[in-house]
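These are my notebook entries on one structure. I record what I looked up and how each term was defined.

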Amino acid sequence: MSTFGFHPVKKPKHKRNKPTAKERGAISNEVYNAAMERSGGRCERCGSIKGLQCAHLIRRWQIDGKTTVKDVAMLCGPSVNTGTCHNWIDYTKDGKQWAVDFRDQLYEK
Ligand SMILES: [Zn+2]
């Protein structure tokens, strides 16, 4: 057993104290606007201006607390379409790695 990776957590029977993955993953208008400003209205990977979406750089359940502008990137989408950057970071190994690296860079700044 590795200590890295999957940590099963029992669902609380009573009231939740921690925000749900959905709540942690919610992108506020503030975060969206900050990401849009940082990106200059272009996909932060390829520079496209088409179908921009605020994409999570890490899985929602990995987010501690709330999603910040450093947890997201403006990417061309939609994520369901192959060939878009949002699809690439969500569904490919290379893309996921790019997202991790990109997020690291944001946190270093
Ligand atoms: Zn793109």
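Helices (H or I, at least four residues) and strands (E, at least two) are DSSP runs, numbered from the N terminus. I noted that the model is predicted, that local features need pLDDT of at least 70 and side-chain atom pairs pLDDT 80 or more, and that totals for chains, interfaces and linings use all residues. Residues are numbered from 1 along each chain as its sequence is written, and side-chain values use heavy atoms, with hydrogens and water left out.

**Entry: strands**

I looked up the pairing and found β1 (residues 52-56) joined to β2 by five bridges, the two strands running antiparallel. Within this pairing, A55 stands opposite A73 of β2. I then checked the cover of β2 (residues 72-76) and found five of its five residues buried, where buried means under 20% relative accessible area, exposed over 50% and partly exposed in between (1.4 Å probe, protein chains only). In a regular strand the side chains alternate between the two faces of the sheet. In β2, V72, M74 and C76 point one way and A73 and L75 the other, and all are buried.

**Entry: whole chain**

I counted four helices and two strands, in the order α-α-β-β-α-α from the N terminus. Of the 109 residues in the protein, 32% are buried. I took contact to mean heavy atoms within 4.5 Å. Among contacts between residues at least 6 apart in sequence, 59% join residues at least 24 apart.

**Entry: zinc site**

Which protein atoms are the donors of the zinc ion? I found the SG atoms of C43, C46, C76 and C85, lying 2.3 Å from the ion. Donors are N, O and S atoms within 2.8 Å of the metal (3.2 Å for Na, K and Ca); water is not among the atoms, so sites may look incomplete. Along the chain the donors follow the spacing C-x2-C-x29-C-x8-C. The angles among the four donor atoms are 105 to 118°, and the site is tetrahedral; four donors count as such if all angles lie between 85 and 135 degrees. I also noted that both C76 and C85 are buried.

**Entry: loop residue G51**

I located G51 in the loop between α2 (29-39) and β1. G51 is partly exposed, with a relative accessible area of 42%. Leaving aside residues up to four places away in sequence, G51 touches L75, C76 and G77. G51 and H86 are 35 residues apart in sequence, and their C-alpha atoms are 9.8 Å apart.

**Entry: aromatic rings**

Rings of Phe, Tyr and Trp (its six-membered ring) pair if their centres lie within 6.5 Å; planes under 30 degrees apart count as stacked, over 60 as edge-to-face and the rest as tilted. W88 belongs to α3 (residues 85-91) and W98 to α4 (residues 93-108), so the pair ties together parts 10 residues apart in sequence. The rings of W98 and F102 have centres 4.8 Å apart and planes at 15°, so that pair is stacked. W98 and F102 are four residues apart in α4 and thus separated by about one helical turn. I read W88 as partly exposed at 22% relative accessible area, whereas F102 is buried at 12%. Ring pairs link W88, W98 and F102 into a cluster.

Methods
Four donors count as tetrahedral if all angles lie between 85 and 135 degrees; four count as square planar and six as octahedral if opposite donors are over 155 degrees apart and all others between 65 and 115; anything else is irregular. Two strands pair if DSSP finds at least two bridges between them.
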